[in-house]
Amino acid sequence: MKLQTKYFGEIDYEAGDVITFPVGPFSFEEEHEFLLLPFEGGAGSLLCFQSIHTPGLAFVAMDPFSLLPGYNPVLQPQELKELGVADSQELGFYVLCVVKKPVSDSTVNLKCPVAIHPETRVARQVILETDAYEMRHPLAQFGNEEGAPC
Amino acid sequence: MLILQRKAGESLLIGEDITIRVVSVDGTRVRLAIAAPEDVPILRSELVIAAAANRDSAMEESTPAELLDLLGGVLDKRDGPGAPPET
């Protein structure tokens, strides 16, 4: 199937690629279907959630584990039940970025990841019940702290 | 701002038709039961902030490629041995 996208022009996709949100991302609750498309050069860790129904709607997303290897999202029992898993570790996670100008002001929402069931591709954005993660964590911090000792 | 102390099982009234009862207190977590008319929206406040963050996410001001420059290889560090040692 063909789809007009925000970043990649017209692309071809298959029904099996679709990620289904029974409830769309916060503030976009009516958007139920997305594709997760990688950007070139991002080593699979910089992607976007492209809406299937709204070509102009796409969220820049990242693999949170590439930013923070110790990232540990824990969902509430009700959220796990809705996604059909027993444990948060069975899910895939992506976090949404706000890309600002200048780009060094960009942030990432570590508190509200999108959790995706790897087989059913059913997804849900959650708000983690922890103070360990922020909704607007400066992305520049990750770029600058690479000198940390191993 | 009015600040009140309530114990589990106690409640308070807002106006004539909103009742908030403390169901239980467990460590740092308080369970509340709210009875209000159907047309009164009740949202966890962080949901409102999360919705605003998402709306900002949908309107990028720079290109995603510029993000890659900002992050300077952080995203593909899984594939390599990591950052070069500092001298």
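The structure is a predicted model.

**Interface between the chains**

The contact set comprises 47 residues of chain A and 33 residues of chain B. Together the two chains bury about 3,400 Å², and carbon and sulfur atoms account for 60% of that area. Polar contacts also cross the boundary: 14 residue pairs, with both members at pLDDT 80 or more, are found there. On chain A, the elements that each supply two or more residues to the side touching chain B are β6 (58–62), α1 (64–67), β7 (92–98), β8 (107–116) and α3 (140–144). Of the residues on this side, β6(A) provides the largest share, with 4 residues. By residue class, the side of chain A that touches chain B divides into 27 nonpolar, 12 polar and 8 charged residues.

**Salt bridges**

Over all chains, the structure holds 8 salt bridges. Across the interface of chain A and chain B, the rule finds 5 salt bridges. Two salt bridges that pair a residue of chain B with a residue of chain A are listed below.

| Residue of chain B | Residue of chain A | Closest N and O atoms |
|---|---|---|
| Glu60(B) | Lys6(A) | 2.7 Å |
| Arg44(B) | Glu129(A) | 3.4 Å |

The salt bridge between Glu60(B) and Lys6(A) has its closest N and O atoms 2.7 Å apart. Glu60(B) belongs to the loop between α1 (45–57) and α2 (64–71) of chain B, while Lys6(A) belongs to the loop between β1 (2–4) and β2 (10–12) of chain A; the pair therefore joins two chains.

**Nonpolar patch on chain B**

A nonpolar patch on the surface is formed by Val25(B), Val30(B), Leu32(B), Ile34(B) and Ile42(B), which together have about 440 Å² of accessible area. Strand β3 (residues 29–35) of chain B contributes the largest share of the patch, namely 3 residues.

**Backbone features of chain A**

Two loops of chain A carry backbone features that may be noted when the model is inspected. The peptide bond joining Lys101(A) and Pro102(A) is cis, with omega at about -5°. Pro102(A) is located in the loop between β7 and β8 of chain A. Ser27(A), a residue other than glycine, has a positive phi, near 80°. This serine, Ser27(A), is found in the loop between β3 (19–20) and β4 (33–38) of chain A.

Methods:
Residues numbered from 1 in each chain as written. Chains lettered and ligands numbered in written order. Predicted model: local features only at pLDDT ≥ 70, side-chain atom pairs only at ≥ 80, totals over all residues. Heavy atoms only, no water. Contact = heavy atoms within 4.5 Å. Buried area = accessible area lost by both parts, 1.4 Å probe. Salt bridge = Lys/Arg side-chain N within 4 Å of Asp/Glu carboxyl O. Polar contact = N/O pair within 3.5 Å; in protein donor to acceptor, adjacent residues only side chain to side chain. Nonpolar A, V, L, I, M, F, W, Y, C, P; charged D, E, K, R; others polar. Patch = residues over 30% accessible without salt bridge, like charges linked within 9 Å, V, L, I, M, F, W, Y side chains within 5 Å. Areas by Shrake-Rupley, 256 points an atom, 1.4 Å probe, with all protein chains shown as cover.
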